[in-house]
Amino acid sequence: MAEESGEEYLFKIVVIGDSAVGKSNLLSRFTRDEFDHNSKATIGVEFQTQVLELDGKEVKAQVWDTAGQERFRAVTSAYYRGAVGALLVYDITRKITFHSVRRWLDELNSHCDTAVARMLVGNKRDLENIREVNVEEGKNMAEEEGLFFIETSALDSTNVSNAFEIVIRDIYDKVSRKILTSDPYKAQLSVNWVSLADGADLSNQKTYFSCCSR
């Protein structure tokens with residue numbers, strides 16, 4: 001939620017997907033630039049906040065992580081509440097996690113407005129030698145479902161910041177076009193420009209997103 005000064009913004013982003021796809025390490029890499037080789041399954045829900053200085057304004061990305069195991073599904077309603085962005089994560093070395101994406105997408109759509117910024121993330125691209133899901137499969141699903149697409153490595157940090165920053169950009173784009181018009185969204189978002197400090201040209205946005213597997 002924006003402060004009255006108009007200088008502070010908070011965007012809630014959820015990270016969803018099967019257990020052990022690397023959600024927690026994506027979160028820790030983005031917010032603390034850390035990677036835990038001994039990371040254990042998340043129990044319940046946790047969130048981390050990353051503060052960005054964008055266009056002279058303070059932007060807080062509050063990123064929520066929850067366990068992918070079925071026994072924790074009861075937390076979903078509160079988990080999704082107020083989310084304006086989502087990363088749907090699969091492990092490129094385990095095709096079963098890729099096949100689960102549509103189930104997670106259905107769950108997201110049942111709890112959130114369809115205008116939520118959504119990114120399909122193929123994680124663990126550092127394990128190319130045991131890949132089970134090729135880049136084209138990820139791109140095709142993203143195109144079919146209307147998602148942004150990127151491949152990441154939480155281990156070596158490849159594209160991790162890009163994945164979150166693209167979602168943050170899209171949140172603003174939707175707000176500025178007044179797509180998120182329901183009261184809960186208006187209560188949580190400020191209609192002000194949020195641009196990345198690098199000033200990247202967004203005119204070829206879709207092409208850029210689909211080419212992030214390099």
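The charged end of lysine 12 sits over the ring of tryptophan 64, 4.0 Å from its centre. A charge counts as over a ring if NZ of Lys or CZ of Arg is within 6 Å of the ring centre and within 35 degrees of the ring normal. Arginine 103 and tryptophan 104 are also such a case, with the charged end 4.7 Å from the ring centre.

The model is predicted: local features need pLDDT of at least 70 and side-chain atom pairs count only at pLDDT 80 or more, while totals for chains, interfaces and linings use all residues. Residues are numbered from 1 along each chain as its sequence is written, and side-chain values use heavy atoms, with hydrogens and water left out.

A pair of aromatic rings is described by the distance of the centres and the angle of the planes. Rings of Phe, Tyr and Trp (its six-membered ring) pair if their centres lie within 6.5 Å; planes under 30 degrees apart count as stacked, over 60 as edge-to-face and the rest as tilted. The count comes to 4 aromatic pairs, including the two in the table.

| Pair | Centre to centre | Angle between planes | Type |
|---|---|---|---|
| Phenylalanine 30 and phenylalanine 164 | 4.1 Å | 10 degrees | stacked |
| Tryptophan 64 and tyrosine 79 | 6.3 Å | 70 degrees | edge-to-face |

Phenylalanine 30 belongs to helix 1 and phenylalanine 164 to helix 6 (residues 160–176), 134 residues apart, and the pair links these distant parts of the chain. Helices (H or I, at least four residues) and strands (E, at least two) are DSSP runs, numbered from the N terminus.

Tryptophan 64 lies in strand 3 (residues 57–66) and tyrosine 79 in helix 2 (residues 76–80), so their pair ties together parts 15 residues apart in sequence.

Helix 1 (residues 23–32) is largely enclosed by the rest of the structure, because 9 of its 10 residues are buried. Among them are Leu26, Leu27 and Phe30. Just after helix 1, aspartate 33 takes a positive phi of about 55 degrees.

In strand 4 (residues 85–91), 7 of 7 residues are buried. Gly85, Leu87, Val89 and Asp91 point one way, and Ala86, Leu88 and Tyr90 the other way. Strand 4 pairs with strand 5 (residues 117–123) in the parallel sense over 7 bridges; two strands pair if DSSP finds at least two bridges between them. Leucine 88 has leucine 120 of strand 5 as its bridge partner.

Note on methods
Buried < 20%, exposed > 50% of the residue type's maximum accessible area, 1.4 Å probe, protein only.
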